[in-house]
Amino acid sequence: MELTLTSHTEDDFQIIEVGGEIDVYTAPKLREAIAASIDAGHTRLVIDVRKVDFLDSTGLGVLVGALKRVRADGGSLDIVCTQERILKIFEITGLDKVFGLHTTIEQARHSAV
């Protein structure tokens, strides 16, 4: 399956919408998109994974790396997710305590303020 990425800016937030599968083959594409946003000066990120069908440890690693990078610059990274199987991955790994997990982009933006 292909990975789709779109991004746009809302106020101070860079919203990156992800669809498809995030795995060892597609994670570099996500890493590049996030890095490009950070390199462009965006340190308040919202990653929308509501259209993601599969997420493996490589994908989680990309998200953790991005979180470390934006926090080093005083920024934030929140995740929008509504799929139970993806949420379960965050819970099992304990990353639900590390990332802000939200059901909407609006909710993510307001919690990061």
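Strands S2 (13-22) and S3 (44-55) pair in the parallel sense over 8 bridges; two strands count as paired if DSSP finds at least two bridges between them. One of these bridges joins glutamate 21 to phenylalanine 54 in S3. The model is predicted, with local features needing pLDDT of at least 70 and side-chain atom pairs pLDDT 80 or more, while totals for chains, interfaces and linings use all residues. Residues are numbered from 1 along each chain as its sequence is written, and side-chain values use heavy atoms, without hydrogens and water. Helices (H or I, at least four residues) and strands (E, at least two) are DSSP runs, numbered from the N terminus.

S3 is also joined to S4 by 5 bridges, and these two strands run parallel. Leucine 45 stands opposite leucine 77 in S4, and isoleucine 47 has isoleucine 79 as its bridge partner there. From S3 the chain crosses through H2 to S4 in a right-handed β-α-β crossover: with the strands pointing away from the viewer, the path from the first strand over the helix to the second runs clockwise. S2, H1 and S3 likewise make a right-handed β-α-β unit.

The whole sheet is open and has 5 strands in the order S1-S2-S3-S4-S5, with mixed pairing. Its edge strands, S1 (3-10) and S5, each pair on one side only. On average, neighbouring strands are turned by 25° against each other, direction ignored.

Helix H1 (residues 27-39) contains serine 37. This serine counts as buried because its relative accessibility is 6%, the limit for buried being under 20% relative accessible area, with exposed over 50% and partly exposed in between (1.4 Å probe, protein chains only). Leaving aside residues up to four places away in sequence, serine 37 touches Gln14, Ile16, His42 and Leu45, where contact means heavy atoms within 4.5 Å.

Helix H3 (residues 84-93) has Ile86, Leu87 and Phe90 as its buried residues. They lie on the same side of H3 because they cover an arc of only 100° around the axis, taken from the directions from the helix axis to the C-beta atoms. Glu84, Arg85 and Ile92 are exposed on the other side. The cover over the buried residues includes S3, helix H2 (57-72), strand S4 (76-80) and strand S5 (100-102). Just after H3, glycine 94 takes a positive phi of about 80°.

Note on methods
Axes fitted to C-alpha atoms, helices over the stretch in contact; angles between N-to-C directions.
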